[in-house]
Amino acid sequence: MNFSKIYFLGIGGIGMSALARYFLHEGKQVAGYDRTASELTRALECEGATVTYGDEADTIPEPFRDKADTLVVYTPAIPSDSLQFGFFRDGGFEIVKRSRMLGVMAEGKYLMAVAGTHGKTTTSTMAAWFDREAGGGGSAFLGGISKNFGSNLVLGPGERLVVEADEFDRSFLQLYPDVAVVTAVDADHLDIYGTHEAVKEAFSEFVGQIRPGGALILKQGVELDIRNDRIRVYRYAYDTPCDFYADRIRLEPDGRHTFDLVCPDRVIRDCTPGVPGWVNVENCVAAAAMLWVAGFDEAKLRAAIASFSGVKRRFDFYVNTPKHIYMDDYAHHPNELRAAITSVREMFPARKLTVVFQPHLYTRTRDFYREFAEALSLCDEVLLLPIYPAREEPIEGVASEMLLPLIGCPARVVRKEDLTDVLKSKNPELLVTFGAGDIDRFCTQIAGLFAEK
C-alpha cells in the first residue's frame, strides 16, 4: 500500500464505501465514480472523498490520473465497457478487485468471516457489536450500515476483524478466516455460477480455506462438503438442539424474543435481542457462537445482545404506531423473503399485511419467479415494482408480471412513480417494502404518508 491516492470504481457500493472510509481514515486521498448519487456517496463526500457521477474518462480528477501514485479498486458491478475502467486499464494503472483488497486488509488479523446466501449482513454486524462490547473490541468491514456504529466501517483496537464474506463472483475465496459462519447455501447468483452445485462447491472451497486450528459454525440442516480436517465444526440453529441454539423462546409484546442461549459448555439465560423477529434470534445464535470460539465475557455478551439496535434496511421500522406499522427490508432472495414475511406474521398476527416487492435482477427473477410468488402468497396483498436491473440488460419475456398468476393473494404491478399515490389510497395498517434495488429511496416519503394520518 505505497499509493497515496485510491480511486474506487463503484464507490457507492456498500462494500466499496467501507474500504473508501478506511483509506480516508488512513490519510489517503480518495476519489471514485458511481452512476448515481446516494446517501452513501453524499456521506463520503462530506468525509473528504471526491465523487464523480459521469463515466467519461475526463471526469476523473487530475490528481488520480498519475499511475505511479494511484491504486484503482473496482467492483464486478462495473461493466467491462466502462470508459473510466478503460482509461485505467489502457494507462497501465494497478487495478484490483474489491474482494482482493479486502483479502489484503485481512492479512495478519484474527479473521471472523460470515458467509451465506442470506443472513450474513445482520449476523456479521451483530458479531462486530458483540465483539466490541463483550470481546475486547476489534475492527469490521460490514455489508450494511450498523445502527450501533452509524457506519459500515468499524475501527477498533486489537487484531480481530469481522467481515461479511460475499459469495458473489466468488469474492469470499480471497479470505482465509480463523472462524467462519455459513448461514445458508441456497441457489443464487446463477448468472455467475450456472448451477446450485457450483454454488455449493464454492462454499466448500471457502470452508477449506479456514486456517488450521480454526472453526466452522454451520447452520443446522445445511449440507456442505467439508474438506478440511484441520478445523473444529459446530452446528447452530434457531431452536433445534445442537451445539448452539435458542431454548425457552418467548415472544414479547413488542415483537422481540427472549430466550436462553445454549452453548457447548454453558447456558446464557434470558437473552433479548434489541431487534424483533425470529430470524434475528437465529442470527444472534450464530454471532454469539463466533464470540464463543474467539472468547468473550458472558455478562457483557448478554448486555450486548440487548443493546444491538440493528442494521439499516434489515427489519427497519419507519413507523410503529397503534394505527400503522411500516418496515423496510433488504430481502431479495425467495428464502430470505419467506423468513422475513413469516417473522412479521408472528410479530403482528392480527394485522393485514401489505407488501411492496421490487425484484432484483432479471436473471434472479427468471430463475426464481415461482419461489418468489410462493413466498409472497403468505401476504394479504402484494404490490410489485418493475425489476431493478442493477448490472444487467433486460431479458426478453422476464418481468415482474410473470409472478402475478402464481401469487395466491391480490397482487398487481405498480410503476415506481405511482407507488406513493397507490399506498396513500390504500392506507395499509401493516406495510413492508422489500428489495435490494432503489426501493429504499421511497422509504421516507412512504413513512410521511402515515405521519399525515
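**Asp166 and other terms put to the test**

Visitor: Which residues is Asp166 in contact with, leaving aside its neighbours within four places in sequence?
Guide: They are Arg98, Lys120, Ser171 and Phe172. Contact here means heavy atoms within 4.5 Å. This is a predicted model, in which local features need pLDDT of at least 70 and side-chain atom pairs count only at pLDDT 80 or more, while totals for chains, interfaces and linings use all residues. Residues are numbered from 1 along each chain as its sequence is written, and side-chain values use heavy atoms, with hydrogens and water left out.

Visitor: Where is the place of Asp166?
Guide: Asp166 sits in the loop between S9 and S10. Strands (E, at least two residues) and helices (H or I, at least four) are DSSP runs, numbered from the N terminus. In space, the C-alpha of Asp166 is 9.5 Å from that of Thr121, although 45 residues separate the two in sequence.

Visitor: Why is Asp166 called partly exposed?
Guide: The class lies between buried, under 20% relative accessible area, and exposed, over 50% (1.4 Å probe, protein chains only). Asp166 has 22%, so it is partly exposed.

Visitor: What is the phi of Asp169, which is not a glycine?
Guide: Asp169 has a positive phi of about 60 degrees. Arg170 also takes a positive value, near 60 degrees, in a residue other than glycine. Asp169 is in the loop that joins strand S9 (160–165) to strand S10 (179–182), and Arg170 lies in the loop between S9 and S10 as well.

Visitor: What makes Asp169 partly exposed, and why does Arg170 count as it does?
Guide: Asp169 has a relative accessible area of 23%, hence partly exposed. Arg170 comes to 35% and therefore gets the label partly exposed.

Visitor: Why is Ser151 called buried?
Guide: Its relative accessible area is 12%, so Ser151 is buried. The residue belongs to strand S8 (residues 151–154). Neighbours within four places in sequence aside, Ser151 is in contact with Arg21, Leu142, Gly144, Ile145 and Ser146.

Visitor: How does Asp247 count, by relative accessibility?
Guide: At 35%, Asp247 counts as partly exposed. Asp247 is in strand S13 (residues 245–251). Asp270 is 23 residues from Asp247 in sequence, and their C-alpha atoms are 9.6 Å apart.

Visitor: What makes a set of residues a nonpolar core?
Guide: Its members are buried Ala, Val, Leu, Ile, Met, Phe, Trp, Tyr and Cys residues, joined through side-chain atoms within 4.5 Å. In the largest one here, which has 81 residues, Phe8, Phe141, Phe206 and Leu376 touch the most other members. Helix H1 (residues 14–25) makes the greatest contribution to this core, 7 residues. Apart from this core lies another, of 45 residues, among them Val114, Ala140, Tyr238 and Val281.

Visitor: Which residues does Phe206 touch, not counting those up to four places away in sequence?
Guide: The list is Ala113, Ala115, Ala165, Phe172, Leu173, Leu175, Pro177, Ala180 and Val182.

Visitor: How many disulfides does the rule count?
Guide: The count is 0. The rule asks for a pair of cysteine sulfur atoms within 2.5 Å. For Cys271, the nearest cysteine sulfur is that of Cys284, at 6.4 Å, and Cys271 is in no disulfide. The sulfur of Cys443 has its closest cysteine sulfur in Cys379, 16 Å away, so it is too far for a bond.

Visitor: Why are Cys271 and Cys443 assigned their accessibility class?
Guide: Cys271 has a relative accessible area of 0%, so it is buried. Cys443 is at 0% too and therefore counts as buried.

Visitor: How do you know what helix H8 (residues 278–294) should span?
Guide: The expected span is 1.5 Å times one less than the number of residues. With 17 residues, H8 should span 24 Å; the end C-alpha atoms are 25 Å apart, so the two agree.
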